Amino acid sequence: MSPGNDKHVLTSACTIIFAGDSDPARNTRKLMELETAHGAKPSYVSSLPSKITLLLGKGKLANRIRALGSHLMSPLSPSPIIRPDNEAWGGKNVGLAAMSFMLSATAHGLRTLPMEGFDERRLAAALDIPDGYSVPIMICVGHSNDPNDPLKAVLNQIFPRNNINH
């Protein structure tokens, strides 16, 4: 862990570990079940395996097909560059979830401290995180010890204590 990060982990009320799946296609069956349970059309649900494999499947052939398709479609319509690395895709999604968590925690008067620069291998082993998952970020959460914390003043203006039911 980077110098100083260990102190934050040990003194925070809680440390949240955000893990990203580098093989999102493994959850296709579960996604199909959720879509069916929420009323998606059967034709859409049955098309999911091929769409997910095309967009997120592993392997050199899948990567080449995605790259070629993206390249060929670009002159016809705007097409994103499809990157072959699902870990990067997972990292972006984890980052969005982490950001939402931090904004929500702050709105509830908590302080957050995002961290990278830790030994992901040791962390994964200690927490028994399965292979195929990466841990791009961890976030310490807690209340500030600073009585002059500007967040407290802002939250008191937005949510005056006499209007909050405890």
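Mentor: A residue counts as exposed when its relative accessible area is over 50% and as buried when that value is under 20%, with partly exposed covering the range in between. Please keep in mind that this is a predicted model, so that every value below is computed from predicted coordinates.

The setting comes before the pairs. The protein has seven helices and three strands, and these follow the order α-β-α-α-α-α-β-α-β-α along the sequence. Of its 166 residues, 24% count as buried. Among the contacts between residues at least 6 apart in sequence, 70% join residues at least 24 apart.

Now to the pairs themselves. Side chains of opposite charge can pair when their charged atoms come close. With a limit of 4 Å between a side-chain nitrogen of Lys or Arg and a carboxyl oxygen of Asp or Glu, the count comes to four salt bridges.

I would start with Arg111 and Asp149, which form a salt bridge whose closest N and O atoms are 2.4 Å apart. This pair links distant parts of the chain, for Arg111 belongs to strand β2 (residues 111–115), while Asp149 sits in the loop between β3 (133–142) and α7 (150–158), 38 residues apart. The two partners also fall into separate accessibility classes: Asp149 is buried because its relative accessibility of 6% is under 20%, whereas Arg111, at 36%, counts as partly exposed.

Rolling a probe the size of a water molecule over the atoms shows where empty space is left. The structure holds one cavity of 30 Å³ or more, and the largest cavity has a volume of about 40 Å³. Its lining includes Arg111 and Asp149, together with Gly109, His143, Ser144, Leu151 and Lys152.

Asp21 and Arg26 make another salt bridge, at 2.6 Å from N to O.

Arg121 counts as exposed because its relative accessibility of 68% is over 50%, while Asp119, at 24%, is partly exposed. Salt bridges that share partners join Asp119, Arg121 and Arg122 into one network.

For contrast, consider the surface away from charge pairing. The protein exposes about 11,800 Å², of which carbon and sulfur atoms supply 60%. On that surface, Leu54, Leu55, Leu61 and Ile65 form a nonpolar patch with about 400 Å² of accessible area together. Helices α3 (42–56) and α4 (60–73) each supply at least two residues of this patch. One of its members, Leu55, lies in helix α3 and is partly exposed at 49% relative accessible area.

Methods:
Residues numbered from 1 in each chain as written. Predicted model: local features only at pLDDT ≥ 70, side-chain atom pairs only at ≥ 80, totals over all residues. Heavy atoms only, no water. Patch = residues over 30% accessible without salt bridge, like charges linked within 9 Å, V, L, I, M, F, W, Y side chains within 5 Å. Areas by Shrake-Rupley, 256 points an atom, 1.4 Å probe, with all protein chains shown as cover. Helix = DSSP H or I, 4+ residues; strand = E, 2+ residues; numbered from the N terminus. Buried < 20%, exposed > 50% of the residue type's maximum accessible area, 1.4 Å probe, protein only. Contact = heavy atoms within 4.5 Å. 1 Å grid on protein atoms, 1.4 Å probe; cavity = no way out; pocket = protein on both sides within 12 Å on 5 of 7 lines; lining within 4 Å. Points joined across faces, edges and corners; volume = space filled by probe spheres on them.
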